[in-house]
Amino acid sequence: MQQHDLVYLTEDGSHDAIIELINSEAFGPGRFVKAAARIREQGPHDRALSFVCADHGETIGSVRMTPVQAGDVKGHMLGPLAVRPSHKCLGIGRELVRIAIEAAKRNGSEAVILVGDAAYYMPLGFEKVGYKALEFPGPVDANRVLVVPLADDVHARLNGKIGWRDPAAQAVEEMVDQDLYDLPRMVANG
């Protein structure tokens, strides 16, 4: 029996080539035409919330998180999630998903959304999104759209378009909103 030395790490730029190879092995060229890929093309994934698994120093799995606006929900899209064929059925994918969801929660994400197999993801905490509640930039099987709600009323607010969200623009917007909130106090205190 082979001994594994699994280590989970935050993704960095040095992982790009091997992640591309792993995703190519898992999904082939068809991965580029999927609706989720259209969202990922709109802007970069969040490396701070994306993870790899290494075994004896060799990267053998990864999961990426892309910031999205889904209706009124500021969340993250999970995927692609892939593990090398040599390491399938060891729980690596499930652990990568768990780590990514926890990181998104700590980061203030309101939801983790994906398009995937309900039988695999629902035991990991995902729930079905209302049928055709989200409008993707391409065809998608509405029965495969799943979410882990991390804030109140997520299901009610998951209604409308889903697309890439610029976290830097959101931070500026929140600072402006806070300054406008504080303006009457600042004027009153002179």
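Reader: I keep looking at β3; how many of its residues are buried?
Author: Strand β3 is mostly covered, and eleven of its 13 residues are buried. Please keep in mind as we go that this is a predicted model.

Reader: ok, and which residues does β3 span?
Author: Strand β3 takes in residues 58-70, and Thr 59 is one of the residues that belong to this strand.

Reader: Is Thr 59 buried or exposed, and why?
Author: Thr 59 has a relative accessibility of 12%, and because buried means under 20%, Thr 59 counts as buried.

Reader: What is Thr 59 in contact with, then?
Author: If we leave aside the neighbours within four places in sequence, Thr 59 is in contact with His 15, Ile 18, Ile 22, Val 52, Cys 53, Ala 54 and Arg 84. Ala 54, which is in that list, is also the residue that stands opposite Thr 59 in β3.

Reader: So how do β2 and β3 pair?
Author: These two strands pair in the antiparallel sense, over five bridges. They form a hairpin with two residues between the strands, and in this hairpin His 56 takes a positive phi near 50°.

Reader: And β4, how many bridges join it to β3?
Author: Nine bridges join β3 to β4, and these strands run antiparallel. Here too there is a hairpin with two residues between the strands, where Gly 71 in the turn has a positive phi of about 65°. Ala 70 stands opposite Val 73, which belongs to β4.

Reader: What about β9, how does that one run against β3?
Author: Strand β9, made of residues 160-164, runs antiparallel to β3 and is joined to it by three bridges. Within this pairing, Gln 69 stands opposite Gly 163 in β9.

Reader: Switching to charges: how many salt bridges does the structure hold?
Author: The structure holds nine salt bridges. One of them joins Glu 11 to Arg 64, with the closest N and O atoms 3.0 Å apart. This pair links distant parts of the chain, since Glu 11 sits in the loop between β1 (6-10) and α1 while Arg 64 is in strand β3, and the two are 53 residues apart.

Reader: Are Glu 11 and Arg 64 buried or exposed?
Author: Both Glu 11 and Arg 64 are buried.

Reader: Which residue forms a salt bridge with Arg 47?
Author: The side chain of Arg 47 meets that of Asp 16 in a salt bridge, at 2.9 Å from N to O. Arg 47 is in the loop between α2 and β2 (51-55) and Asp 16 is in helix α1, so this pair also links distant parts of the chain, 31 residues apart. Arg 47 has a relative accessibility of 30% and therefore counts as partly exposed, and Asp 16 is partly exposed with a relative accessible area of 30%.

Reader: Which residues are linked in a network of salt bridges?
Author: Glu 11, Asp 16, Arg 47 and Arg 64 are linked in such a network. In general terms, side chains of opposite charge can pair when their charged atoms come close.

Reader: What does Glu 110 pair with?
Author: Glu 110 forms a salt bridge with Arg 157, and their closest N and O atoms are 3.1 Å apart. Because Glu 110 lies in the loop between α3 and β5 and Arg 157 in helix α5 (residues 154-157), the pair ties together parts that are 47 residues apart in sequence.

Reader: Which residues is Arg 157 in contact with?
Author: Leaving aside neighbours within four places in sequence, the contacts of Arg 157 include Ala 70, Gly 71, Asp 72 and Val 73. From C-alpha to C-alpha, Arg 157 and Val 73 are 6.1 Å apart in space, although they are 84 residues apart in sequence.

Reader: New topic: how much space lies in the largest pocket?
Author: About 970 Å³ of space lies in the largest pocket. It is lined by 40 residues, of which Phe 27, Arg 40, Gly 79, Pro 80 and Leu 81 are the closest to its centre.

Reader: Which element gives the most to the lining?
Author: That is β4, which gives six residues to the lining of the largest pocket. The lining divides into 21 nonpolar, nine polar and ten charged residues.

Technical notes: Residues are numbered from 1 along each chain as its sequence is written. This is a predicted model: local features need pLDDT of at least 70, side-chain atom pairs count only at pLDDT 80 or more; totals for chains, interfaces and linings use all residues. Side-chain values use heavy atoms; hydrogens and water are left out. Helices (H or I, at least four residues) and strands (E, at least two) are DSSP runs, numbered from the N terminus. Buried means under 20% relative accessible area, exposed over 50%, partly exposed in between (1.4 Å probe, protein chains only). Contact means heavy atoms within 4.5 Å. On a 1 Å grid over the protein atoms alone, a cavity is a set of points where a 1.4 Å probe fits but cannot get out, and a pocket is an open set with protein on both sides within 12 Å along at least five of seven lines; lining residues have an atom within 4 Å of a point. Grid points are joined across faces, edges and corners, and a volume is the space filled by probe spheres set on the points. Ala, Val, Leu, Ile, Met, Phe, Trp, Tyr, Cys and Pro count as nonpolar, Asp, Glu, Lys and Arg as charged, and the others, Gly among them, as polar. A salt bridge is a side-chain nitrogen of Lys or Arg within 4 Å of a carboxyl oxygen of Asp or Glu. Two strands pair if DSSP finds at least two bridges between them.
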